[in-house]
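Hi,

Here is the structure I promised to pass on to you. Have a look at it first, and then read on for my notes.

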2 protein chains.
Amino acid sequence: MHAVRSPLAPAGFPEMPPIAGLELRVARARYKDWDRADLTLALLDEGTAVAGVTTRSRCPSPEVEWCRKALVLGKARALVVNAGNANAFTGNRGRAAVEAIAARIAGHLACQPSDVFVASTGVIGVPLPIDRAEAGLDAAIAAPAAGWEEAAAAIATTDTFTKGATATAIVDGRTITITGIIKGSGMIAPDMATMLGFVFTDAAVDPAFLQAALDDANAQTFSCITVDGDTSTSDTVLAFATGKAGNRTLAETDDPGADAFRAALADVCRELAHLVVRDGEGASKFIRIDVTGAESDTSARRIAMSIANSPLVKTAIAGEDANWGRVVMAVGKAGEPAERDRLSISFGGIEVAREGLVVEGYDEAPVAAHLKGSEIDIGVDLGLDEGRATVWTCDLTHGYIEINADYRS
Amino acid sequence: MHAVRSPLAPAGFPEMPPIAGLELRVARARYKDWDRADLTLALLDEGTAVAGVTTRSRCPSPEVEWCRKALVLGKARALVVNAGNANAFTGNRGRAAVEAIAARIAGHLACQPSDVFVASTGVIGVPLPIDRAEAGLDAAIAAPAAGWEEAAAAIATTDTFTKGATATAIVDGRTITITGIIKGSGMIAPDMATMLGFVFTDAAVDPAFLQAALDDANAQTFSCITVDGDTSTSDTVLAFATGKAGNRTLAETDDPGADAFRAALADVCRELAHLVVRDGEGASKFIRIDVTGAESDTSARRIAMSIANSPLVKTAIAGEDANWGRVVMAVGKAGEPAERDRLSISFGGIEVAREGLVVEGYDEAPVAAHLKGSEIDIGVDLGLDEGRATVWTCDLTHGYIEINADYRS
């Protein structure tokens, strides 16, 4: 991890209770020449259900391909996370490394290799060294149990702080816990800052239900953040449910507690997603963008993402400039239904333009004061229909250029 | 114009001959508090054909809406370009300003208002002051003829150098000339660096043929450049043909000289497009991206633009880093057909990865030497089919952040 903590980082790592049926371990595989744990092993009791979402990249890593196949079976006994080497774009040797890891753990647990999930993050184009992975796995198997913060640190690469979130819900009369850790600092730099997120719960959940709940949470959270619009070859979010809480297994949307579970899962995912934005490369402002009045929710999200990914909007916020002209530009370029003369724009809840014109008697002072803060709200109302979306991003600063132009592969 | 010339600027403004049937004038409308000509008037003889392409923004300026309507008629007598005020997002008052300009010139020339084309660039959200426009027009009407470089300077805003290009072709036994000027420094900052391009020829060309030729040239040139992926509310390229060269009017694709005319028009458009990239905000490298082996030309162009717009690729080039992992990432995120294990990537013609793997015995030295230059070539072969495209962009540097984060609207 980097020495300089993001100015948007929370005060500290949250208190997070253990999850029954899960044990965490960390070890030093030395994927890079560094003195830190860089291999994380999560051991899961038999009967654990799993769901996942992976990158839409057409050039995914072998880990992503492996997870996609294994997810079809819906069950898991272990998760291995390698930090420092993404193992992406490494051909047959990369695939062989993933298979070797799964086989090693399957041998240890006497389970199927497909019960073992693998994710890697770091440098691209260098096959993951199998000997180091195997030595690291053996060390992890022999290691004492690790805490959440240790695991969150072991999966990190260029992150400037460790990231975790937790929530509880009442399901079938039992209190269940959902806890997650995540790493990521760009969205995403494939050679150094892939987003990997892992969520664990003690709830008993049918894999298909878990997948539907994760898809839904993902659509409102991880899919609604952007740092630089660059999508990784390795982005992966996995959710594991050990079933130790003792509730009757959640399987249908009208099961008791189904809504509470879904809401708690979405809360954890949202918090994890926000933490990634708060560690966005070079970020100095956390930006929330609300689009309302669009023709549909999908259209609203595309417009919100067009604003969130616009270098000109992001640099304006970095410069503390309420430059609504650039917001208009970003709405216009989204290619979605919009009518200039119905458009309204606000900063920090203060309307600056209404129906395609700057508001009469526009007073910049309160808007300028909002822009000086570190939490920026941009509102856009299209005045067309009921479609709405919220996305989160950060500003674009010299820090981003420094991190990415000065890095050598 | 800015005092510091782009390091990618050409040595000087080219020698460009006059076009028969066209007279240029410049004047000081004082749209901003500056001491320079900021209103350009091009007077065109009767019988001039016109064609144009405008922004795809869903929130275009009233000038763009005006030009689109006037283009349907295919004829032109004048062009007015205002610099310093984009007149975008200004409601009825913005529309009134455009109408007043067209009416003033129509009265002077005794032509239809629809024969007068108008384009504006500069600050957004402030209606163009009609009184200044009218005083400026009167001054321009009374002014002596201006040269190409004077006109290129008068349409500029944040550009760091004046931009022009010229070519000739033999059509129907006559030498015809095609000459253009352009302004733009981002692609595009709506409040300060909209792209406006104007091409003039003495060839006799039917408006429909001219439009088809311009559409075709645009698809290979202006539509294949990007500085920051931000599309302006005001982007406009207009082509005017005065017909004074005396050739039989070009109307069909098999007319004698039709191919020569189209090729010369595309040459001028390509050169103008390159000049805009060379003046890209903060640019220190001119980057050419060739994509081959794609499923179709459209697919190749989307992949090339995904690479050209990736902040991680652009910062890598700024850092002189042959970071092919980021190129893989950008290919993957384009959403177009791609197979990781068929992908080849080159820098400066030197293959660095082949069939999804770094080439054996990869020697970074010649690649690093290429990256130190100011003209960078990236090649991507998808190994799928015959689709190909070439696009041009610049790198992303601290200069871009400085220009855009430190600017106040």
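This is a predicted model: local features need pLDDT of at least 70, side-chain atom pairs count only at pLDDT 80 or more; totals for chains, interfaces and linings use all residues.

Let me start with B:Ser310. This serine sits in the loop between α7 (297–308) and α8 (311–318) of chain B. Because its relative accessibility is 0%, B:Ser310 counts as buried. Its side chain reaches the backbone nitrogen of B:Val313 at 3.1 Å. Leaving out residues up to four places away in sequence, B:Ser310 touches B:Met329 and B:Ala330, and also A:Asp230 from the other chain.

That brings me to the interface. Chain A puts 67 residues into the contact and chain B puts in 66 residues. Between them they bury about 5100 Å², with carbon and sulfur atoms giving 58% of that area. On the chain A side, A:Arg58, A:Phe89 and A:Arg340 supply 17% of the area buried against chain B, more than any other three residues.

As for polar links, 4 salt bridges are found across the interface, along with 13 residue pairs in polar contact. Elements that give two or more residues to the chain A side include α1 (62–71), α2 (91–109) and α9 (324–333) of chain A. The largest share of that side, 8 residues, comes from α9(A). By class, the side of chain A that touches chain B has 29 nonpolar, 21 polar and 17 charged residues.

The largest nonpolar core holds 174 residues, and the members that touch the most others are A:Phe261, A:Phe347, B:Phe261 and B:Phe347. With residues up to four places away in sequence not counted, the contacts of A:Phe347 include A:Trp324, A:Val327, A:His370, A:Leu371 and A:Asp377.

Finally, which loop holds A:Gly348? It is the one between β11 (344–347) and β12 (350–354) of chain A. A:Gly348 is partly exposed, at a relative accessible area of 30%. Apart from neighbours within four places in sequence, A:Gly348 is in contact with A:His370 and A:Asp377. A:Gly348 and A:Val327 are 21 residues apart in sequence and 14 Å apart in space, C-alpha to C-alpha.

Enjoy looking around, and do write back with any thoughts.

Best wishes

Methods: Residues are numbered from 1 along each chain as its sequence is written. Chains are lettered from A and ligands numbered from 1 in the order in which they are written. Side-chain values use heavy atoms; hydrogens and water are left out. A nonpolar core is a set of buried Ala, Val, Leu, Ile, Met, Phe, Trp, Tyr and Cys residues joined through side-chain atoms within 4.5 Å. Buried means under 20% relative accessible area, exposed over 50%, partly exposed in between (1.4 Å probe, protein chains only). Contact means heavy atoms within 4.5 Å. Buried area is the accessible area (1.4 Å probe) that two parts lose on being put together, summed over both. A salt bridge is a side-chain nitrogen of Lys or Arg within 4 Å of a carboxyl oxygen of Asp or Glu. A polar contact is a pair of N or O atoms within 3.5 Å; within protein, one must be able to donate a hydrogen and the other to accept it, and residues adjacent in sequence count only if both atoms are side-chain atoms. Helices (H or I, at least four residues) and strands (E, at least two) are DSSP runs, numbered from the N terminus. Ala, Val, Leu, Ile, Met, Phe, Trp, Tyr, Cys and Pro count as nonpolar, Asp, Glu, Lys and Arg as charged, and the others, Gly among them, as polar.
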